[in-house]
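Here are some notes to read with the model open beside you.

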Amino acid sequence: MLFYYAARDDKGNFVRGSLESPDASGALAALRTRALFISALDEAGTLRGIPWQLLSSRPVSGQALAGFFRGFATLLRAGVPLARALPVCVEGCQDKRLSEALRAVEAYVAAGIPLSEAMVRRPREFSRLIAGTVRAGEHASALDDVLDKLALTLERDAAMRKKLANALVYPGVVAFVTMSVMVLLLTTTVPTFASMYAQLRVPEPAVLRALVLLGRLLHAPGFVAGTVASAFVVIAGVARLSRSTRGSQATEAIRLGLTIVGAIIHKAALARIARLLGMLLDCGVSLHVAVPMVAAATEYPRFHASLTSLERSLAEGSSIALPLEAAGLYPALFLQLVRVGEETGRVGEMLGRLATYYEGDVENAMERLGTLLEPLMIVILGGAVGLIAAAIFIPLYSLIGSIK
């Protein structure tokens, strides 16, 4: 059972987090071993636990996790015992949520629980993929090397996500500026010209009347409140629908079906799957264990389904490439290198090469996308402003000409 808690530590600092425990008594006992003064403890899924769940829905920063694992691996490689290295890294952690989770892990480790098992008890901060990778390092007695590879993978994953987000920043800014300029023109400039037509006692052009009506609606508090409420309902409905199986599949189909952005998302998903699976195999995790771990970390339903199908096929003795080919999501280059990896016994290495290739391809595609979007968005901005200006000035010039 997952519990959310709020407490104060021995220094009086407020902390909150989550932990897994068989029952509330076990959760309280685990928290008291850390000398915490508990102010709230609620089970996930209950009425009181839902607000905590919403507050903890944001995942921990991949960059923060990578920084922790990088420092932890450095200390272990230098010969510092795990029991001493972990508190040092916890003190240096700047992310509050991750720091609280690490303090809980530190308490579990001090009680004799293995590091990987301690991370399993904090599933909101440490995914199944991370805990499984750490467990592989413990079993292979090469925890420092495994943590270093895990940090590198998390850094690359975070960098890829940041680049994808940055590629959408410019279009978003231009769209916001366009809407702001249009609202400004509709609420200030258009009414001025409408009053000018009224003073000249000539009928307003139909386009100008429509713009004046739209400007009045934007001034009306009820219209603005209704628009905001409707937008909120639509966004909430889409978010809820996207969490269902059919909704998530429809959302994925729309994103992957976009002409340019869809190809970038597709290649980014391929790079992430190849990177994670290759990293696990290089860390000594067996293929039968690694595939479901990567499937759990995959956010796209069709790719998740393809990995689930691969897991079943592997259990039946199939090769890797055959079920991936049947999914229709993996290009020929991906499948060919996987086959070469199977034949040579170097699947992890080939997946790493595929990840590097697709990551570079995504970077190049995003640069091209930025080059294409910049003039396109400028044209859209100029066209929107020009449309309003034409609707105002062209009839005005005609009117002035008729007066002369």
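1. Overall make-up. The protein chain has 18 helices and 3 strands as its secondary structure; helices (H or I, at least four residues) and strands (E, at least two) are DSSP runs, numbered from the N terminus. Please keep in mind that this is a predicted model, where local features need pLDDT of at least 70, side-chain atom pairs count only at pLDDT 80 or more, and totals for chains, interfaces and linings use all residues. Residues are numbered from 1 along each chain as its sequence is written, and side-chain values use heavy atoms, with hydrogens and water left out.

2. Burial and contacts across the chain. Of the 404 residues in the protein chain, 39% are buried (buried means under 20% relative accessible area, exposed over 50%, partly exposed in between, with a 1.4 Å probe and protein chains only). Among contacts between residues at least 6 apart in sequence, 61% join residues at least 24 apart, where contact means heavy atoms within 4.5 Å.

3. A helix pair. How do helix α7 and helix α14 cross? The axes of α7 (residues 128-139) and α14 (residues 287-296) come within 8 Å and cross at roughly 150°, so α7 is roughly antiparallel to α14. Axes here are lines fitted to C-alpha atoms, for helices over the stretch in contact, with angles running from 0 to 180 degrees between N-to-C directions. Angles under 35 degrees count as roughly parallel, over 145 as roughly antiparallel, 65 to 115 as roughly perpendicular and the rest as oblique.

4. What lines that contact. From α7 come R128, L129, G132 and T133, which meet P292, M293, V294 and A296 of α14. These residues divide into 5 nonpolar, 2 polar and 1 charged (Ala, Val, Leu, Ile, Met, Phe, Trp, Tyr, Cys and Pro count as nonpolar, Asp, Glu, Lys and Arg as charged, and the others, Gly among them, as polar).

5. Two threonines to look at. T133, in helix α7, is buried, with a relative accessible area of 0%. Leaving aside neighbours within four places in sequence, T133 touches V146, L150, M279, L280, C283 and M293. T153 is in helix α8 (residues 143-167) and is buried too, at 5% relative accessible area. With the neighbours within four places again set aside, T153 is in contact with R275, L276 and M279.

6. Aromatic rings. There are 7 aromatic pairs, counting rings of Phe, Tyr and Trp (its six-membered ring) whose centres lie within 6.5 Å; planes under 30 degrees apart count as stacked, over 60 as edge-to-face and the rest as tilted. One of them is Y300 with F303, an edge-to-face pair at 6.4 Å centre to centre and 65° between the planes; Y300 and F303 are both buried. In another, the ring centres of F334 and Y358 are 6.4 Å apart and the planes lie at 35°, so this pair is tilted. Because F334 belongs to helix α17 (residues 332-344) and Y358 to helix α18, the pair ties together parts that are 24 residues apart in sequence. F334 and Y358 are both buried. One aromatic cluster is formed by Y300, F303, Y330, F334, Y357 and Y358.

7. A charge over a ring. The charged end of R121 sits over the ring of Y108, 5.1 Å from its centre; the rule asks for NZ of Lys or CZ of Arg within 6 Å of the ring centre and within 35 degrees of the ring normal.

8. G382 is found in α18 (residues 347-403) and counts as partly exposed at 42% relative accessibility.
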